[in-house]
Amino acid sequence: MPISAVAYGFLALVTEVQQLVFVDLPDAMFEGGAPAWWPVPWLAVCGLLTGLTIRYLPGTGGHSPAFGFQTGGGPPTPKELPGVALAALTTLSLGAVLGPEAPLIAIGGGLAALTVHLARKDAPPMALTVMASAGSFAAISTLLGSPVLAAFLIMEAAGIGGATLTLVALPGLLASGVGALVFIGMNSWTGLGSFSLSLTSVPPATDPTIATMLWALPIGVGCAALSWLIRWIGLSLRPLVHVNRVLVTTALGLAIGSTAMVYQLVSDRSFTQVLFSGQDALPELVADATSYSTGVLLLLAACKTLAYGLALSAFRGGPVFPAMFIGAVLGIAVSGLPGMDLAPAIGMGIGAMCAAMLRLPLTSTLLATLLLGADGVSVTPQVVVAVVAAFLVTTLLPAPRAGTT
């Protein structure tokens, strides 16, 4: 329960800083909202603070997201926890294109392990593993819309099976349920927000057709190729980041802010669609899908892809939500193809991008179908085909070369 409350408070703080910096301040200073250049200096500050945190605090701010979604290696030590939390806070609140799921998993696991150490210094390793996993489950219990889905994500990513599955899954599922209850209670008590992924408007359900099943294959292949490009951007920049962590991370922040500025200048839509994880922007994007031209959608996908790849190289956060957002944008863009409908297109895009970026096909399928609610049942066959195609192509493509440092 305390770990869930800490996770809720962390997400609330991120949201409040985002609102202050990118909405309240420009609204108070300018008529008509934030100008297109507004994110550029703030992303430089984001890069500077994140670079300083990773460079000088213990633990390098946690796992680098350039290497994908990672849950192994044990929880952060007590001296590493402040650096993990601060690097994630500056990354997420000041606009870098990463999600909160990975930092919350690390923070939840670290706090749970710290509790065990304080209660019993000679605790056996399995006790630490079980409690750290339960803390991670509790921290992201409702972030993905369902405590069961959050638990499934952690178990598939960690490759938990056999006897360990029984030991970890039961307390983990219980922690997810308790965490969901705490999140609901905190939202009711504080009114700050639910911080749970959901769509406010879901496209109407359509039965599977031969056309949509056939389109699933090229969509899966295309998402795999785009994911390879994103990872290549992130990994190829890592050696440069390690030459001068603070300076290069600041420059990358400037590049992300400039990308968002270009998007607003060209499309006349808010730069916030390019920044952040995409969790908050996704429901509005789907609800207003018909108002976007194909050109604007392709521009948004290109800008988000570039900003996502740049953020992977040096910042700290999770890869799930940006992948979902890009997948949804691509799905809306191809929904006008012959024989295609909006609901299966969005489901296939989200599932395929997540499968390619996370390499977790089961979780990716659940993410796409559960997000669409009752309509997710009707699009499941197409989503499965797109996910399998994306996953297989991703495993066949040569892995982008990572920096050696």
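The chain has 15 helices and 0 strands. Its radius of gyration is 20 Å, close to the 22 Å that the globule rule gives for 405 residues, so the chain is as compact as a globular protein of that length. Please keep in mind that this is a predicted model.

**Overall size**

- Taken along the principal axes, the box filled by the C-alpha atoms of the chain is roughly 65 × 50 × 50 Å.

**How two helices pack**

- Two packed helices are described by the angle between their axes and the distance between the axes.
- Here, helix α1 covers residues 2-29 and helix α4 covers residues 101-119.
- These helices, α1 and α4, pack at an angle of about 145°, and their axes lie 10 Å apart.
- The crossing that α1 makes with α4 is right-handed.
- On the α1 side, the meeting residues are Ile 3, Val 6, Ala 7, Phe 10 and Leu 11.
- Their partners in α4 are Leu 104, Ile 107, Gly 108, Leu 111 and Ala 112.
- Sorted by class, the residues of this contact between α1 and α4 are 9 nonpolar, 1 polar and no charged.

**The second largest pocket**

- Rolling a probe the size of a water molecule over the atoms shows where empty space is left.
- The second largest pocket has a volume of about 630 Å³.
- Its lining is made of 26 residues, and those nearest the centre of the pocket are Gln 18, Thr 272, Phe 276, Asp 280 and Ala 281.
- By class, the lining of the second largest pocket divides into 12 nonpolar, 10 polar and 4 charged residues.

**The cavity**

- The count comes to 1 cavity of 30 Å³ or more.
- The largest cavity has a volume of about 30 Å³.
- Which residues line the largest cavity? They are Pro 65, Ala 66, Gly 68, Arg 231, Leu 312, Pro 319 and Met 357.
- The lining of the largest cavity has 5 nonpolar residues, 1 polar and 1 charged.

Terms used. Residues are numbered from 1 along each chain as its sequence is written. This is a predicted model: local features need pLDDT of at least 70, side-chain atom pairs count only at pLDDT 80 or more; totals for chains, interfaces and linings use all residues. Side-chain values use heavy atoms; hydrogens and water are left out. Axes are lines fitted to C-alpha atoms, for helices over the stretch in contact, and angles run from 0 to 180 degrees between N-to-C directions. Helices (H or I, at least four residues) and strands (E, at least two) are DSSP runs, numbered from the N terminus. A crossing is left-handed if the near helix is turned anticlockwise from the far one by less than a right angle, and right-handed if clockwise. Contact means heavy atoms within 4.5 Å. Ala, Val, Leu, Ile, Met, Phe, Trp, Tyr, Cys and Pro count as nonpolar, Asp, Glu, Lys and Arg as charged, and the others, Gly among them, as polar. On a 1 Å grid over the protein atoms alone, a cavity is a set of points where a 1.4 Å probe fits but cannot get out, and a pocket is an open set with protein on both sides within 12 Å along at least five of seven lines; lining residues have an atom within 4 Å of a point. Grid points are joined across faces, edges and corners, and a volume is the space filled by probe spheres set on the points. The radius of gyration is taken over C-alpha atoms; the globule rule is 2.2 Å times the number of residues to the power 0.38.
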